[in-house]
Amino acid sequence: MDVDNFSAIEVEFHRRISKIVWCNFTTIDRSNRPRSRMLHPIWEGHEGWIATGRHSFKARHLDHNPFVSLTYWDPDHEQVHAECKAEWVDDAESKQQVWDLYADTAPPLGYDLKLFWPDPSAEDYGVLKLTPWRIELSSLAEMQNPQVWRQTVN
């Protein structure tokens with residue numbers, strides 16, 4: 001079932017991602033092959049953020065193709081699929097904002113980024129902004145009627 005507005009699925013989206021926390025994050029490498037890894041995004045509304053290494057393989061993959069696929073799954077077979085455009089956000093103000101978002105959000109979604117970087121000015125601290133063009137909520141009980149929200153993203 002398609003929904004016209006993100007607000008129609010927002011509460012359920014946040015309930016699921018808050019319960020599941022970690023997602024499978026897939027990029028396309030420079031040879032056009034998929035590459036997946038587990039990541040821990042944090043979301044504000046339908047905009048996602050990932051604190052990650054700025055000079056990683058995923059950085060090279062995103063230079064090649066900025067579109068990514070995220071899949072959350074839990075043992076109850078509740079799923080969230082988010083198809084997004086990922087962009088590096090390198091300005092100091094945004095990096096501080098995301099640093100604070102992780103620090104100010106209760107666990108398990110929030111955590112101390114000092115586990116990986118000394119502070120937001122660290123050279124390898126990177127911030128990815130996720131802008132979804134499609135979000136799907138599905139479950140084993142609702143296999144025939146997933147809820148799908150779309151927006152145009154170039």
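Helices (H or I, at least four residues) and strands (E, at least two) are DSSP runs, numbered from the N terminus. The model is predicted, so local features need pLDDT of at least 70 and side-chain atom pairs count only at pLDDT 80 or more, while totals for chains, interfaces and linings use all residues. Residues are numbered from 1 along each chain as its sequence is written, and side-chain values use heavy atoms, with hydrogens and water left out.

The protein has 3 helices and 9 strands, in the order β-α-β-β-β-β-α-β-β-α-β-β along the sequence. Its C-alpha trace spans about 45 × 40 × 30 Å along the principal axes. Of the 154 residues, 49% are buried, where buried means under 20% relative accessible area, exposed over 50%, and partly exposed in between (1.4 Å probe, protein chains only).

Ser-139 lies in strand 8 (residues 125-139) and is buried at a relative accessible area of 7%. Beyond its neighbours within four places in sequence, Ser-139 is in contact with Arg-16, His-77 and Glu-78; contact means heavy atoms within 4.5 Å. The C-alpha atoms of Ser-139 and Lys-19 are separated by 14 Å, at 120 residues apart along the chain.

The whole structure contains 0 disulfides, a disulfide being a pair of cysteine sulfur atoms within 2.5 Å.

| Cysteine | Nearest cysteine sulfur | Distance |
|---|---|---|
| Cys-23 | Cys-84 | 8.8 Å |
| Cys-84 | Cys-23 | 8.8 Å |

Cys-23 counts as buried because its relative accessibility is 0%. Cys-84 counts as buried at 0% relative accessibility.
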